[in-house]
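Work through the exercises below with the model open beside you. Try each task before reading its solution.

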Amino acid sequence: MLDAKTIEIIKSTVPVLEVHGQTITKTFYQTMFKNHPELLNVFNHANQRQGKQPAALANAVYAAAAHIDRLEEILPVVRGIAQKHRALGIRPEHYPIVGENLLAAIKTVLGDAATEAILDAWAKAYGVIADVFISVEAEMYREAEEKKGGWRGFRRFIVDRKVKESEGITSFYLKPEDGQAIASYEPGQYITVCVKPEGQEFTHLRHYSLSTAPGHPYYRISVKREDAAGDRPAGIVSTYLHSRIGEGDVLELSAPAGDFTLDQTKDLPLVLISGGVGLTPMVSMLETALQSGTKREIVYIHAARSARLHAMNDQIAELARTYDHLRAYTVYETPEAGDSSDKTGYIDLPWLKTVAAADSDFYFCGPVPFMKTVRRALKDWGVPDERIHFEFFGPADSLEDTLS
């Protein structure tokens, strides 16, 4: 436990973090990777280049400082980050490295303003916060390993099938190389793929949502090829999977993880909304809900640029023909000749009101601009927060700020 003086000092630094937080965390990552380049085998290089990881860490540090006297209030955030840490293989011995370099970054950025008292207080606070993460993650590692078909670390899977779903999205059906059982999962969870493409110095880890209902002897991920666009380079892992990984090849996976999951205890109408490759967790949720035998009304809405880029359209259409309580809609931003959709342009509140009920449970996933639009529409409609659920691809962030 922290003493009152330490808590007072930490809370007094909150305004400083608001101003200098991202500068501190950028300095932190630069220093840490210089001192410990082996950690580049764990961290997402693209998120580093784009500034997403420093921004996410700055938000996390700010939240911890603001709630240092009531850390239990941010436990849901801690658990979400810990899920990703477990999936990436973050270990207890990594935390002292992070702490040492974070304190050094605070000193570098704040200079003389980072007094010995402030640095001592932050060292104590970091120790407490690290212990919380280590404890939560230890339980997650134990659960993942002891679960039927579960494992710790990374396990080898063979690409049993590779199926092109659209011009940009391909599905990979993955079976364990050892032929043993695999762990089940909750619809909406993800697995983490570990690869080392030719010519790359470090391994690369990426989270991919499981895109089908649990219960199969395989995992399925559906990966969008991230091509270069403007000043954004091509995605290292997605292009490698698309161009170099074929049927019979081996990928290493960590066990399913993630806290964005379908609440199957509710009987409210269910609305699932996806944009682009954001359909992956939504399809898993949709299949699971339908297979459960529930009679709750289900609306599935998918937005894509055109039919050419619309993955799994035939699959969803077949489900809509099979289940009377499912209604499926498509929204095409820029339909091409011959395309058929229920709406052209973008999802908006007036249209949403014609296909869904306000008293539904809403889940959505897709690009950030898409999620901003959907979330604003639901808030304007008066849908309460407890019935608004979304998945954010990328490092843990302050989603209230990101999606506001």
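**Exercise 1. Find which residues Arg387 touches, and place Arg387 in the fold**.

Solution. 
- Step 1: list contacts (heavy atoms within 4.5 Å). Not counting residues up to four places away in sequence, Arg387 touches Leu268, Ala358, Asp359, Ser360, Asp361 and Phe362.
- Step 2: look for a polar contact (a pair of N or O atoms within 3.5 Å; within protein, one must be able to donate a hydrogen and the other to accept it, and residues adjacent in sequence count only if both atoms are side-chain atoms). A polar atom of the Arg387 side chain lies 2.7 Å from the backbone oxygen of Ser360.
- Step 3: locate the residue. Arg387 sits in the loop between helix 12 (368–381) and strand 12 (388–391). Helices (H or I, at least four residues) and strands (E, at least two) are DSSP runs, numbered from the N terminus.
- Step 4: check burial (buried means under 20% relative accessible area, exposed over 50%, partly exposed in between; 1.4 Å probe, protein chains only). Arg387 has a relative accessible area of 17%, so it is buried.

The model is predicted: local features need pLDDT of at least 70, side-chain atom pairs count only at pLDDT 80 or more, and totals for chains, interfaces and linings use all residues. Residues are numbered from 1 along each chain as its sequence is written, and side-chain values use heavy atoms, with hydrogens and water left out.

**Exercise 2. Is Lys343 buried or exposed, and which side chain does it pair with**?

Solution. 
- Step 1: Lys343 lies in strand 10 (residues 343–344).
- Step 2: its relative accessibility is 15%, so Lys343 counts as buried.
- Step 3: the side chains of Lys343 and Asp348 form a polar contact of 3.4 Å.
- Step 4: beyond neighbours within four places in sequence, Lys343 is in contact with Thr330, Val331, Tyr332, Asp348 and Trp351.

**Exercise 3. Describe the largest nonpolar core**.

Solution. 
- Step 1: apply the definition. A nonpolar core is a set of buried Ala, Val, Leu, Ile, Met, Phe, Trp, Tyr and Cys residues joined through side-chain atoms within 4.5 Å.
- Step 2: count. The largest one has 48 residues, and Met32, Ile68, Ile106 and Trp122 have the most contacts inside it.
- Step 3: assign sources. Helices 1, 2, 4, 5, 6 and 7 each supply at least two residues. Helix 7 gives the most, with eleven.
- Step 4: inspect Ile68. Leaving aside neighbours within four places in sequence, Ile68 is in contact with Leu2, Ile7, Ile10, Lys11, Ala125 and Ile129.

**Exercise 4. Why do the buried residues of helix 1 share a side**?

Solution. 
- Step 1: Thr6, Ile7, Ile9 and Ile10 are buried in helix 1.
- Step 2: they cover an arc of only 165° around the axis, which puts them on the same side of helix 1. The arc is that of the directions from the helix axis to the C-beta atoms.
- Step 3: the face turned away from the buried side carries exposed Ala4 and Lys5.
- Step 4: at the start of helix 1, a side-chain oxygen of Asp3 reaches to within 3.1 Å of the backbone nitrogen of Lys5.
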